[in-house]
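Let's take a friendly walk through a protein fold. Have the sequence and the 3D view open, and keep turning the picture as you read.

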Amino acid sequence: MRLSTKGRYAVMAMADLARNSSTAGGERAVSLAEIATRQEISLSYLEQLFARLRRAGLVKSVRGPGGGYRLAHAATDTWVADIVLAVDEPIRATRCSGQGSPRGCMVGGERCITHDLWEGLGQEIHRYLASVSLADVIAPRECPTARVAAALEGAAA
């Protein structure tokens, strides 16, 4: 799986936003400067990520004093896979680009011998990330490893 800092930081920032936007009186906007400080991520980098997250409809921006960002949907309805894909991170484990790249596995128009293995792994990773919400990340109800083990046992049955 290729998951660069872009995808990891986007998930970290969205989890921070989900955790820190809830108040007793409702939901407040969280500034990127707050997130940048807490998560130790460059503010300019966060601005780029949040522009993509906003275009994908995952966050809403609030202007003016007390402005910042809010989740566009409840944390229970915001999936980690959607966040990763919103920042243009492909969830794949193969090294091929799908075209006859000399550095990929499609050399000579044929797949490498392990292509299907890695492609299947990428699909499983995507399936897992699509099953994890921001609510799961900020308040885990169950150990993620146990959920994966249960899913694998169910698939084997």
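## Before we start

To talk about how two helices pack, we need axes: these are lines fitted to C-alpha atoms, taken for helices over the stretch in contact, and the angles between their N-to-C directions run from 0 to 180 degrees. One more thing to keep in mind is that this is a predicted model.

## The overall plan

The protein has 157 residues, and 32% of them count as buried. Now take the contacts between residues at least 6 apart in sequence: 62% of these join residues at least 24 apart.

Start with helix α1, which covers residues 5-21. Its partner α2 packs against α1 at an angle of about 115 degrees, and the two axes are 10 Å apart. That makes the pair roughly perpendicular, because angles from 65 to 115 degrees count that way. The crossing of α1 and α2 is right-handed. Which residues meet there? On the α1 side you'll find M12, A13, D16, L17 and N20, and on the α2 side I35, R38 and Q39.

Next comes helix α3, residues 43-55, which packs against α1 at about 80 degrees, with the axes 10 Å apart. This pair, α1 and α3, is therefore roughly perpendicular too. In this contact, T5, K6, Y9, A10, A13, M14 and L17 of α1 meet Y45, L46, L49, F50, R52 and L53 of α3. Notice that A13 and L17 turn up in the contact with α2 and also in the one with α3.

Side chains of opposite charge can pair when their charged atoms come close. How many salt bridges does this model have? The count comes to 4.

Let's begin with D16 and R38, whose side chains meet in a salt bridge at 2.7 Å, N to O. This pair links distant parts of the chain: D16 sits in helix α1, R38 sits in helix α2 (residues 32-39), and the two are 22 residues apart. Are they buried or exposed? D16 counts as buried, because its relative accessibility is 5% and the cut-off is under 20%. R38, on the other hand, is partly exposed, with a relative accessible area of 37%.

R38 also forms a salt bridge with E34, and here the closest N and O atoms are 3.6 Å apart. This time both residues lie in helix α2, 4 residues apart, or about one turn of the helix. E34 is partly exposed at 26% relative accessible area.

## A pair within α5

Now jump to helix α5, residues 115-130. Here the side chains of E124 and R127 meet in a salt bridge at 2.3 Å, N to O. Why does the spacing come to about one helical turn? Because E124 and R127 are 3 residues apart in this helix.

Both partners count as partly exposed: E124 has a relative accessibility of 40%, and R127 has 49%.

Back in helix α1, look for A15. This residue is buried, with a relative accessible area of 11%. Which residues does A15 touch, leaving aside its neighbours within four places in sequence? They are L134, V137 and I138. Check A135 as well: A15 and A135 are 120 residues apart along the chain, but their C-alpha atoms are separated by 8.1 Å.

While you're in this part of the chain, find D136, which has its place in helix α6, residues 134-138. D136 is buried, with a relative accessible area of 16%. What does its side chain reach? The side chain of D136 reaches the backbone nitrogen of S133, at 2.9 Å.

How values were computed. Residues numbered from 1 in each chain as written. Predicted model: local features only at pLDDT ≥ 70, side-chain atom pairs only at ≥ 80, totals over all residues. Heavy atoms only, no water. Buried < 20%, exposed > 50% of the residue type's maximum accessible area, 1.4 Å probe, protein only. Polar contact = N/O pair within 3.5 Å; in protein donor to acceptor, adjacent residues only side chain to side chain. Parallel < 35°, antiparallel > 145°, perpendicular 65-115°, else oblique. Left-handed = near helix turned anticlockwise from the far one by under 90°. Contact = heavy atoms within 4.5 Å.
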